[in-house]
Amino acid sequence: MRVRFLLVAAGLLAATPAAAQVDVSGEAEAVSDYRYRGLSLSDGHPALQASVEAEVAGLYLGGFGSWVPHGGGSTGLELDATAGYRVALDAQLTLDGGVTYYLYPRARDCDYAEAIAALGWERGDTNARAGLAYAPRQPTLVDADGARGDNLYGFAAFEQAIAGTPLSLTLEGGYESGVFDGAARGGKLDWRAGVTVSRGRLYASAGYVGVLRPRAVEGERRAEHGLVFALGRRF
């Protein structure tokens, strides 16, 4: 499945006009804890991460990798591939739709695919993004009780750069319901509030990340939170 996905994604980019400009961007960073949708995927250990994206005429192909040098268990290595299409609705609004395939080479039967649609808005030093991510029922998607299911995640993010300073503030939130929410009922809420300091292509950030399961039952963790630090470079 993953080989077919990558071949199709590469074919879409190859099919674009030869004269079209290809924009490539990415970043590499070290994080104190790999938190995804509020949850630690590195068992609280630091991780090294990198991402890259190539876009041409609205079509894009991206990759992401995360490696936990010490600890992290069977999910200490993650490789993601994304393909999608991005279109500008006007000077400030962008509509984005794509599919991401999550691959865990050290874990057996954990790989899965997810579709994501998002609306982005940008004006001056302010930008925002909101959307939905849906992973349909797949053989590898099972909950804590071993039952197969799907997963739905809604999210919103806001970023404000402070004019005349190297600082920017971010606020993110989401709600998840399905095999990944860790709750028998009610799903989970997650959030992140952070600040980033940038100097050229280098940046450092600190964020307070948390998760809440409002209707947690006995044996489920109702809340967890912590600080996450990152140091990286964009290219």
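Tutor: We'll go through the core, the salt bridges and a surface patch. This is a predicted model, where local features need pLDDT of at least 70 and side-chain atom pairs count only at pLDDT 80 or more, while totals for chains, interfaces and linings use all residues. Residues are numbered from 1 along each chain as its sequence is written, and side-chain values use heavy atoms, leaving out hydrogens and water.

Student: OK, which residues make up the largest nonpolar core?

Tutor: Seven is written as 7 here: Tyr102, Tyr104, Ala107, Tyr112, Ala135, Leu141 and Val179. A nonpolar core is a set of buried Ala, Val, Leu, Ile, Met, Phe, Trp, Tyr and Cys residues joined through side-chain atoms within 4.5 Å. Buried means under 20% relative accessible area, exposed over 50%, and partly exposed in between (1.4 Å probe, protein chains only).

Student: And what does Ala135 touch?

Tutor: Leaving out residues up to four places away in sequence, Ala135 touches Tyr112, Ala113, Glu114, Leu141, Asp150 and Asn151. Contact here is heavy atoms within 4.5 Å.

Student: Switching topic: how many salt bridges does a search of the whole structure find?

Tutor: The search finds 11. A salt bridge is a side-chain nitrogen of Lys or Arg within 4 Å of a carboxyl oxygen of Asp or Glu. One of them pairs Glu176 with Lys188, at 3.2 Å from N to O.

Student: Where do Glu176 and Lys188 lie?

Tutor: Glu176 is in strand S11 and Lys188 in strand S12, so the pair ties together parts 12 residues apart in sequence. Strands (E, at least two residues) are DSSP runs, as are helices (H or I, at least four), numbered from the N terminus.

Student: Is Glu176 buried or exposed? And Lys188, buried or exposed?

Tutor: Glu176 is buried, at 3% relative accessible area, and Lys188 counts as buried at 0%. Salt bridges with shared partners join Arg37, Glu114, Glu176, Lys188 and Asp190 into one network.

Student: What about Arg108 and Asp109?

Tutor: Their side chains meet in a salt bridge at 3.9 Å, N to O. Arg108 counts as exposed at 75% relative accessibility, and Asp109 counts as exposed at 57%.

Student: Last one: where is Gln92 found?

Tutor: Gln92 is in the loop between S6 and strand S7 (93-103). Its C-alpha atom is 5.4 Å from that of Trp121, 29 residues apart along the chain. Gln92 is partly exposed, with a relative accessible area of 32%.
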